[in-house]
Amino acid sequence: MSGELRALGLVHGLLLGLLLASPLIAPGLLPWGVEALFIIGAFQLRLADRRWDMRDGWRSWISHIRMAPLRLIPWGAAATVALIAGNGARAQAILIAASLCELLVYPVCTHVLARLSRRVVGAVLVLLILIGLSAVGETIRYMICFMTGMSACLFWLRGPDGEGHALGLALAGLVAAAIAPVFWPAVLPVAFPAAIVCATLALAHVSTLRRRPVPWRAGGGTQVRP
């Protein structure tokens with residue numbers, strides 16, 4: 001998955017850099033940038049995290065929590081930006097949401113979503129995007145964005161690799177989500193996360209495809225071609 005990780009890591013880093021510069025460039029874009037950061041950050045985290053495939057039970061949870069402080073650094077930077085912009089409540093919401101997502105939401109949702117089919121995960125993804133419209137408070141909205149990113153990643157992981165139809169649907173969804181607020185401004189709270197999800201899925205589709213499995217030499221299983 002190194003290709004996807006490099007591409008998404010570049011976008012994630014670019015978004016974080018723009019977020020850090022937003023108080024000087026466009027302070028009004030800060031909340032939208034934070035939402036996008038939660039979605040892409042969760043997508044990238046689920047894509048990179050392979051411990052859940054190797055360990056079961058409490059060991060996976062403990063392993064994830066041990067790595068959480070390092071992953072909280074970008075969220076601390078985003079909270080600092082909110083403080084610089086003069087919004088202490090937003091900074092607090094970012095830190096609370098990030099901590100809860102890393103230490104509780106991610107470990108729980110990973111196990112729950114892993115038991116669902118791709119079609120059900122897709123329904124959950126759509127539901128999360130719609131629920132974000134009625135979220136009360138920034139903390140809850142950021143947590144919903146995080147769960148949206150996780151669901152989007154699992155939806156992509158279970159889908160076809162590099163299939164043109166899937167890529168076309170993701171790009172069509174991106175265009176529709178970008179155009180809809182122009183004609184119906186009220187749908188912006190739903191269209192924005194939908195656009196971020198579609199853009200992330202499209203990026204994942206055009207990135208390096210997953211490596212082909214080859215027969216396991218010892219028999220009975222499969223191994224991944226380097």
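At what angle do H5 and H6 pack, and how far apart are their axes?

**View 1. Helices H5 and H6 pack at an angle of about 155°.** Their axes lie 9 Å apart. Axes are lines fitted to C-alpha atoms, for helices over the stretch in contact, and angles run from 0 to 180 degrees between N-to-C directions. H5 and H6 are therefore roughly antiparallel (an angle over 145 degrees). Helices are DSSP runs (H or I, at least four residues), numbered from the N terminus. Contact means heavy atoms within 4.5 Å. H5 contributes residues including Val121, Leu125 and Leu128. Among those from H6 are Ile144, Met147 and Phe155.

This is a predicted model: local features need pLDDT of at least 70, side-chain atom pairs count only at pLDDT 80 or more, and totals for chains, interfaces and linings use all residues. Residues are numbered from 1 along each chain as its sequence is written, and side-chain values use heavy atoms, without hydrogens and water.

**View 2. The largest nonpolar core has 54 residues.** Such a core is a set of buried Ala, Val, Leu, Ile, Met, Phe, Trp, Tyr and Cys residues joined through side-chain atoms within 4.5 Å. Buried means under 20% relative accessible area, exposed over 50%, partly exposed in between (1.4 Å probe, protein chains only). Phe38, Phe43 and Phe146 have the most contacts inside the core. H2 gives the largest share, eleven residues.

**View 3. Phe38 touches residues beyond its sequence neighbours within four places.** Its contacts there include Trp75, Ile94, Tyr142 and Phe146.

**View 4. Leu174 is found in helix H7.** Leu174 counts as partly exposed, at 26% relative accessibility. Its C-alpha atom is separated by 4.8 Å from that of Ala195, 21 residues apart along the chain. Leaving aside neighbours within four places in sequence, Leu174 contacts Ala195, Cys198 and Ala199.

Note on methods
Helix = DSSP H or I, 4+ residues; strand = E, 2+ residues; numbered from the N terminus. Parallel < 35°, antiparallel > 145°, perpendicular 65-115°, else oblique.
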